[in-house]
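Student: Could you walk me through this one? I'd like to go from the overall layout down to single residues.

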Amino acid sequence: NVNMFVTAEESGAILRTTIRYNSETNEVEIEPLDPYAKNTAYILNVTKNVRSRGGQNLKDEIKIKFTV
């Protein structure tokens, strides 16, 4: 998905993932196709092209760092 993806913090490499959206709970699940490495930092990237239910794009990109 070009609008939501995970990168390795150190290298910037994009990880292969499966992204699922549950419209009933309004939740997104991002599952790596290859296991995350322990003690490694990753970044969840959400682009401005993601839209609300009302059709509005995000004002700014969102980047969330997480470590496994």
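Student: In what order do the elements run from the N terminus on?
Tutor: The order is β-β-β-β-β. The protein has five strands and zero helices; both are DSSP runs numbered from the N terminus, a helice being H or I with at least four residues and a strand being E with at least two. This is a predicted model, where local features need pLDDT of at least 70 and side-chain atom pairs count only at pLDDT 80 or more, while totals for chains, interfaces and linings use all residues. Residues are numbered from 1 along each chain as its sequence is written, and side-chain values use heavy atoms, leaving out hydrogens and water.

Student: What box do the C-alpha atoms fill?
Tutor: Along the principal axes, the box is roughly 40 × 25 × 15 Å.

Student: And what percentage of the residues is buried?
Tutor: Of the 68 residues, 19% count as buried. Buried means under 20% relative accessible area, exposed means over 50%, and partly exposed is in between, with a 1.4 Å probe and protein chains only. The protein exposes about 5400 Å², and 49% of that comes from carbon and sulfur atoms. Those areas come from the Shrake-Rupley method with a 1.4 Å probe; for residues, only the protein chains shown count as cover.

Student: OK, strands next. Which way do β1 and β4 pair?
Tutor: They pair in the antiparallel sense, over five bridges. Two strands count as paired if DSSP finds at least two bridges between them. Within this pair, Val6 has Leu44 in β4 as its bridge partner.

Student: What about β4 and β5?
Tutor: Strand β4 (residues 41-46) and β5 run antiparallel too, joined by six bridges. Here Ala41 has Thr67 in β5 as its bridge partner.

Student: Is β1 enclosed or open? And how many residues of β5 are buried?
Tutor: Four of the five residues of β1 are buried, so that strand is largely enclosed by the rest of the structure. In β5 (residues 62-67), the number buried is zero out of six, so β5 lies largely in the open.

Student: Which residues make up the largest nonpolar core?
Tutor: Seven residues: Met4, Val6, Ala8, Leu15, Tyr42, Leu44 and Val46. A nonpolar core here is a set of buried Ala, Val, Leu, Ile, Met, Phe, Trp, Tyr and Cys residues joined through side-chain atoms within 4.5 Å. As background, nonpolar side chains in soluble globular proteins tend to be buried together.

Student: What does Tyr42 touch?
Tutor: Leaving aside neighbours within four places in sequence, Tyr42 is in contact with residues including Val6, Ala8, Leu15, Tyr36, Ile64, Phe66 and Val68. Contact means heavy atoms within 4.5 Å.

Student: Val68 is in that list. Where does Val68 sit?
Tutor: Val68 is in the segment after β5, and it is partly exposed at 39% relative accessible area. Its C-alpha atom is separated by 6.8 Å from that of Tyr36, 32 residues apart along the chain. Not counting residues up to four places away in sequence, Val68 touches Tyr36, Ala37, Lys38, Asn39, Thr40 and Tyr42.

Student: Switching to Phe5: which strand holds Phe5, and what does Phe5 touch?
Tutor: Phe5 is in strand β1. Beyond residues up to four places away in sequence, Phe5 touches Ile14, Ile43, Leu44, Asn45 and Thr47.

Student: Thr47, then: is Thr47 buried or exposed?
Tutor: Thr47 is buried, with a relative accessible area of 12%, and it lies in the loop between β4 and β5. Apart from neighbours within four places in sequence, the contacts of Thr47 are Val2, Asn3, Phe5, Leu58 and Glu61.

Student: Now backbone angles. What is phi of Asn26?
Tutor: Phi of Asn26 is near 60°, a positive value in a residue other than glycine. Asn26 is in the loop between β2 (17-22) and β3 (27-32) and counts as partly exposed at 47% relative accessibility.

Student: And phi of Asn39?
Tutor: Asn39 is not a glycine either, and its phi is positive at about 55°. Asn39 lies in the loop between β3 and β4, and at 72% relative accessibility Asn39 counts as exposed.
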